[in-house]
Amino acid sequence: MRRYATLLGTGGYLPETILTNAQIAETVDTSDAWIVERTGIRTRRIAAPHETASSMAERAARDALQAAGLEPEAIDLIIVGTGTPDRLFPSTACLLQQRLAIRQCAAFDVQAACSGFIFALSIADQYIRAGSARCVLVVGSELNSRIIDWSDRSTCVLFGDGAGAAVLGVAEEPGLLSTHIQSDGQYHDLLYVPNPAHGNEPPFLKMEGHEVFKVAVNTLGRIVDETLAANALTQADIDWLVPHQANIRIISATAKKLGLPMERVVVTIENQGNTSAASIPLALNEAIRDGRIQRGHTVLMEAFGAGFAWGSALLRY
Ligand code: COA
């Protein structure tokens, strides 16, 4: 029997506090008009002081488990994509495991920045196909507001907090058709957060936004083609694009490349900003819950971020 990963349930969590562009413009030299035009972002959510990546991950994970109709004990592997872990170690996945009171399964984090969910999904897919796991909890959780320099207008307008989760199970028919991940460390200096234990740099995200933008658009265009070719599919076979939400202009360029109208693209950036590894599972969850994505639909997910690290996943839902 061939084994494939199938999506059993999704969940999401967004903190309550909403931060508007106008509020940011009170503290740095920017405007609602600039932010909306250059990024597509109007508001983003900001975590409360008591919240952490693992607490938000728990909310999203419980939501996904409920959607899947499963108890936490069913999980035999936990993978968390995060660039904003509660602690350098142990992993946020271990803290999530404790919060869910799950014993006797492996739990680890994946550090692939904004592509963390796709990388985690790809690992989960390999474990399920190999017969090494039956039920995998994959989470993207980010507390970006704590690694942002709130006096740097070129980055502080972009990011938000949140968590998204997916529960994957085993099926005889493919749900996850393929995943594709890749990295190129030569760009490591264009987008990074220093480790405060080393050197004198402030512990905030630094980005050469324009350079990142150019490489992101080209790379995502290429990976879309590679994903379709690997599955002998054409653009017309894609029902939904669920992209990482970094900039509406990057999303539009990828949709154009696919020949997809924007009605077929799940866009959450307007009210969430860039939630890094959480953006794809949050968008997937939203579109499944509101009925846009239905069983049988073919969904292309893609992400690009620091590393650079990028990837895609093609799902028959
Ligand atoms: N408000 C007003 N002006 C701003 C601003 C802000 N919040 N941020 C930057 N600017 C200014 C710059 O200072 C610059 O001014 P100058 O021309 O006088 O030097 C001007 O706007 C253009 O800056 P630039 O960085 O070239 O703008 P851009 O069109 O590239 O947009 C980003 C900036 C960050 C929105 C865009 O580059 C981007 O989205 N990058 C990719 C992000 C991404 O994909 N990250 C990877 C995943 S996390």
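Residues 228-317 are 32% helix and 22% strand, and the end C-alpha atoms of this span lie 16 Å apart. Helices (H or I, at least four residues) and strands (E, at least two) are DSSP runs, numbered from the N terminus. The span carries a UniProt annotation from an unreviewed entry, "domain: Beta-ketoacyl-[acyl-carrier-protein] synthase III C-terminal". UniProt positions are given in the numbering used here, feature names are shortened, and annotations may be inferred rather than shown by experiment.

The model is a predicted one: local features need pLDDT of at least 70, side-chain atom pairs count only at pLDDT 80 or more, and totals for chains, interfaces and linings use all residues. Residues are numbered from 1 along each chain as its sequence is written, and side-chain values use heavy atoms, with hydrogens and water left out.

UniProt also lists residues 108-185, again in an unreviewed entry, as "domain: Beta-ketoacyl-[acyl-carrier-protein] synthase III N-terminal". Here the chain is 23% helix and 38% strand. The end C-alpha atoms of residues 108-185 are 22 Å apart.

The domain assignment divides the protein chain into domain 1 (4-171) and domain 2 (176-316). Such bounds come from an automatic or database domain assignment. The contact takes 52 residues from domain 1 and 47 residues from domain 2, where contact means heavy atoms within 4.5 Å. The C-alpha centres of the two domains lie 14 Å apart.

About 3,800 Å² is buried between domain 1 and domain 2. Carbon and sulfur atoms give 60% of that area. Buried area is the accessible area (1.4 Å probe) that two parts lose on being put together, summed over both.

Between the domains, 23 residue pairs are in polar contact, both residues at pLDDT 80 or more. A polar contact is a pair of N or O atoms within 3.5 Å; within protein, one must be able to donate a hydrogen and the other to accept it, and residues adjacent in sequence count only if both atoms are side-chain atoms.

Several elements give two or more residues to the side of domain 1 that touches domain 2, among them β1 (4-13), α3 (53-68) and α5 (116-129). Which element gives the most to this side? It is α5, with 9 residues. The residues of this side divide into 22 nonpolar, 19 polar and 11 charged. Ala, Val, Leu, Ile, Met, Phe, Trp, Tyr, Cys and Pro count as nonpolar, Asp, Glu, Lys and Arg as charged, and the others, Gly among them, as polar.

**Salt bridges**

Side chains of opposite charge can pair when their charged atoms come close. A salt bridge is a side-chain nitrogen of Lys or Arg within 4 Å of a carboxyl oxygen of Asp or Glu. The whole structure has 11 salt bridges. Across the interface of domain 1 and domain 2 there are 2.

| Salt bridge | N to O distance |
|---|---|
| E270 and R42 | 3.0 Å |
| E58 and R99 | 3.1 Å |

The pair of E58 and R99 links distant parts of the chain. E58 is in helix α3 and R99 in helix α4 (residues 92-99), 41 residues apart.

**Backbone details**

The peptide bond from F89 to P90 is cis, with omega near 5°. P90 is in the loop between β4 (77-81) and α4. The bond from G307 to F308 is also cis, with omega near -5°. F308 is in the loop between β12 (298-305) and β13 (309-316). A101 has a positive phi, near 55°, in a residue other than glycine.
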